[in-house]
Amino acid sequence: MAKAIENGGVSRTTSKQTFHVLEIMASIMKSAETGMPVVLTSHFEREAPMESAK
């Protein structure tokens with residue numbers, strides 16, 4: 001993301017991915033506090049690899 005910002009490109013990180021990661025982090029904290037599993041409600045489909053990563 002930082003490289004895209006520096007170079008004026010497009011970030012591959014979406015708001016949907018960001019929300020999913022945030023939900024995971026919050027669920028880890030809640031599970032640690034309660035000792036109970038937490039079911040995630042969000043879902044994220046990973047994008048296809050970038051051409052330079054193939």
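User: Is Ser-27 buried or exposed?
Analyst: Ser-27 counts as buried, because its relative accessibility is 11% and the cut-off for buried is under 20%. Keep in mind that this is a predicted model.

User: Where is Ser-27 in the fold?
Analyst: Ser-27 sits in helix 2.

User: How far is Ser-27 from Thr-14 in space?
Analyst: The two are 20 Å apart, C-alpha to C-alpha. In sequence, 13 residues separate Ser-27 and Thr-14.

User: What about Met-25, which helix is that in?
Analyst: Met-25 is in helix 2, which covers residues 15-34.

User: And how exposed is Met-25?
Analyst: Met-25 is partly exposed, because its relative accessible area is 47% and that class lies between the 20% and 50% cut-offs.

User: Which residues make up the nonpolar patch on the surface?
Analyst: Val-21, Leu-22 and Met-25 form it. Together they have about 280 Å² of accessible area.

User: Let's zoom out. How many helices and strands does the chain have?
Analyst: Two helices and zero strands. The chain is also more spread out than a compact globule, because its radius of gyration is 15 Å, well over the 10 Å that the globule rule gives for 54 residues.

User: What does the C-alpha trace span?
Analyst: About 45 × 20 × 15 Å along the principal axes.

User: How much of the chain counts as buried?
Analyst: 9% of the 54 residues. Ser-27 counts as buried, as we saw.

User: And the accessible surface of the chain, what does it come to?
Analyst: About 4,900 Å². Carbon and sulfur atoms account for 62% of that.

User: Switching to charges. How far apart are the mean positions of the positive and negative ones?
Analyst: They are 4 Å apart. The chain has 6 positive and 6 negative charges.

User: Last one, the start of the chain. Where is Met-1, and is it buried or exposed?
Analyst: Met-1 lies in the segment before helix 1 (2-7). Met-1 is exposed, with a relative accessible area of 56%. Met-1 and Thr-41 are 25 Å apart in space, C-alpha to C-alpha, and 40 residues apart in sequence.

Key
Residues are numbered from 1 along each chain as its sequence is written. This is a predicted model: local features need pLDDT of at least 70, side-chain atom pairs count only at pLDDT 80 or more; totals for chains, interfaces and linings use all residues. Side-chain values use heavy atoms; hydrogens and water are left out. Patches are made of residues with over 30% relative accessible area and no salt bridge: like charges are joined within 9 Å, nonpolar side chains (Val, Leu, Ile, Met, Phe, Trp, Tyr) within 5 Å. Accessible areas come from the Shrake-Rupley method with a 1.4 Å probe; for residues, only the protein chains shown count as cover. A salt bridge is a side-chain nitrogen of Lys or Arg within 4 Å of a carboxyl oxygen of Asp or Glu. Helices (H or I, at least four residues) and strands (E, at least two) are DSSP runs, numbered from the N terminus. Buried means under 20% relative accessible area, exposed over 50%, partly exposed in between (1.4 Å probe, protein chains only). The radius of gyration is taken over C-alpha atoms; the globule rule is 2.2 Å times the number of residues to the power 0.38. Lys and Arg count as positive and Asp and Glu as negative; His and the chain ends are not counted. The place of a charge is taken as NZ of Lys, CZ of Arg, CG of Asp or CD of Glu.
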